[in-house]
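I opened this entry to log what I looked up, one item at a time. The structure comes first, my notes after.

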Amino acid sequence: MPLSEHEQRLFDQIERSLAEDPKFASAVRASDPRFHARRRLLVAAFVIVIGLALLVYGAVSQNTPLGVAGFVVMLGSAAFAMQSRRRTQTPDLKSVGGTASRRTRQSRKSGGFLERLEDRWRQRPEGHR
């Protein structure tokens, strides 16, 4: 439902007044999960570059443990970056009926593949027999 002209003007006025308040802007930024995710990705990218430098330096100086350590640092940082990116794509909180509830993963049925196929067969529409 679109806002009326009066409501839109009030909304714009509130938005301008909030944008001018630096404390409010920093508080909103601090609570924004996208801000934290972006920061984690930048840190992970920086650590990947450090790991690459360790790997190259270990290879050039023929110091195998240093090269392996650089690779492990790169691998761990890449995993951290992927986890952080995945976390931003699937939010933890889901609003249901005006309340926030933590989303949990659905537990798998213990029966396996054949039992799931049987369940799908039982739940199919009646006209498709």
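**Helix 3 and its partner**

I began with helix 3, residues 33-60, in what is a predicted model. Helix 3 has 28 residues. I took the span from its first C-alpha to its last and got 41 Å, close to the 40 Å expected at 1.5 Å a residue.

Next I asked which residues of helix 3 are buried. They are Ala 37, Ala 44, Gly 51 and Gly 58. Then I checked what follows the helix. Just after helix 3, Gln 62 takes a positive phi of about 55°.

**Ser 84**

I moved on to Ser 84, which sits in helix 4, residues 64-89. Is Ser 84 buried or exposed? Its relative accessible area is 1%, so Ser 84 counts as buried, the cut-off being under 20%.

I listed what Ser 84 touches, leaving out residues up to four places away in sequence. I found Ala 37, Arg 40 and Leu 41. Of these, Ala 37 is also on the buried list of helix 3. The side chains of Ser 84 and Arg 40 are joined by a polar contact of 3.1 Å.

**Whole protein**

I then stepped back to the fold. I counted five helices and two strands. From the N terminus on, the order reads α-α-α-α-β-β-α.

How many of the 129 residues count as buried? The share is 9%.

Key. Residues are numbered from 1 along each chain as its sequence is written. This is a predicted model: local features need pLDDT of at least 70, side-chain atom pairs count only at pLDDT 80 or more; totals for chains, interfaces and linings use all residues. Side-chain values use heavy atoms; hydrogens and water are left out. Helices (H or I, at least four residues) and strands (E, at least two) are DSSP runs, numbered from the N terminus. The expected span of a helix is 1.5 Å times one less than its number of residues. Buried means under 20% relative accessible area, exposed over 50%, partly exposed in between (1.4 Å probe, protein chains only). A polar contact is a pair of N or O atoms within 3.5 Å; within protein, one must be able to donate a hydrogen and the other to accept it, and residues adjacent in sequence count only if both atoms are side-chain atoms. Contact means heavy atoms within 4.5 Å.
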